[in-house]
Amino acid sequence: MNIILLGATGAGKGTIALQMKDRYKLPHISTGDIFRENIKNNTELGKLAKSYIDKGALVPDDVTTNLIVDRLTHDDCKKGFILDGFPRNNAQAKSLDEAFEKSGNKIDLVILVDATDEQIADRLSGRRVCENCGHIYHIVNIPPKVEGVCDKCGGKLIQRKDDSKEVIQDRLKTYHEITKPLIDYYSKENILKSVPGFVGSQEERLKMIDAMVNA
Ligand code: AMP
């Protein structure tokens with residue numbers, strides 16, 4: 001099954017994606033993670049992406065789309081995938097549709113992870129990420145057992161540069177102006193369902209997603 005997770009940055013897509021990845025045995029493809037990995041390794045792509053990411057702006061469409069269209073041809077995507085953070089605007093969604101038309105593939109389900117700006121700003125400013133394994137924590141809601149240390153691998157927990165207050169506001173603006181129209185795009189195709197990002201427990205959310213995946 002080919003799934004897109006849609007929603008504002010910080011709405012909880014990443015956490016949900018990691019749970020879905022284990023549950024449905026599908027690869028989790030996050031454009032943000034791919035860019036961050038490249039920044040960490042100081043690649044050319046990383047250098048380019050950083051100049052946009054640090055400002056809360058989007059990395060150019062051609063770069064991002066080529067990256068994803070290529071990634072989706074890998075063997076692990078044959079049974080499906082979970083796309084997280086892509087597409088992020090109408091142009092990317094159209095490019096994805098065009099690439100799929102050629103390969104005879106299609107998107108089966110788009111899950112909108114819904115949250116208010118206040119919930120998102122609160123979550124992002126408290127978010128900490130393991131610099132080693134990428135596991136996500138929140139200083140209040142999901143604290144690690146030992147402050148600043150990852151429970152899973154002992155790695156150091158850091159705050160992403162783009163989780164600073166100013167950049168969060170820019171990222172939310174980008175979401176409202178550029179990404180939100182995708183809700184309409186996929187509603188028209190009748191494949192959009194939504195789950196609340198923060199209301200209810202993780203188990204309840206997964207039950208809702210199970211129902212969507214098995215519908
Ligand atoms: P995320 O981890 O999904 O919040 O992404 C972090 C940053 O990576 C975003 O604020 C953008 O600068 C960039 N990014 C991620 N996905 C895309 C995309 N589909 N198109 C352009 N830029 C992206």
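The model is predicted, so local features need pLDDT of at least 70 and side-chain atom pairs count only at pLDDT 80 or more, while totals for chains, interfaces and linings use all residues. Residues are numbered from 1 along each chain as its sequence is written, and side-chain values use heavy atoms, with hydrogens and water left out.

Let us start at the ligand. It has 17 residues around it, and Thr 9, Thr 31, Ala 57, Gly 85 and Gln 92 come nearest; a residue counts as near if one of its heavy atoms lies within 4 Å. By class, this shell holds six nonpolar, six polar and five charged residues (Ala, Val, Leu, Ile, Met, Phe, Trp, Tyr, Cys and Pro count as nonpolar, Asp, Glu, Lys and Arg as charged, and the others, Gly among them, as polar). Helix 2, residues 31–40, gives the most to the shell, with four residues; helices (H or I, at least four residues) and strands (E, at least two) are DSSP runs numbered from the N terminus.

Now look at the individual atoms. A polar backbone atom of Ala 57 sits 2.5 Å from a ligand oxygen, and a backbone N or O atom of Gly 85 is 2.8 Å from a ligand nitrogen. The side chain of Arg 88 places an N or O atom 3.0 Å from a nitrogen atom of the ligand. Taken alone, the ligand exposes 480 Å², and the protein buries 96% of that (areas by the Shrake-Rupley method with a 1.4 Å probe).

Next, turn to His 28, which is found in strand 2, residues 28–30. His 28 counts as buried because its relative accessibility is 18%, and buried means under 20% relative accessible area (1.4 Å probe, protein chains only). Leaving aside neighbours within four places in sequence, His 28 has contacts that include Ala 17, Leu 18 and Asp 84, contact meaning heavy atoms within 4.5 Å. The side chains of His 28 and Asp 84 are joined by a polar contact of 2.8 Å (a pair of N or O atoms within 3.5 Å; within protein, one must be able to donate a hydrogen and the other to accept it, and residues adjacent in sequence count only if both atoms are side-chain atoms).

Finally, the whole structure has two aromatic pairs (ring centres within 6.5 Å; planes under 30 degrees apart are stacked, over 60 edge-to-face and the rest tilted). Phe 81 and Phe 100 form a tilted pair, 6.1 Å centre to centre with 40° between the planes. The rings of Tyr 185 and Tyr 186 have centres 5.0 Å apart and planes at 75°, so they are edge-to-face; both tyrosines are buried.

Conventions: Buried means under 20% relative accessible area, exposed over 50%, partly exposed in between (1.4 Å probe, protein chains only). Rings of Phe, Tyr and Trp (its six-membered ring) pair if their centres lie within 6.5 Å; planes under 30 degrees apart count as stacked, over 60 as edge-to-face and the rest as tilted.
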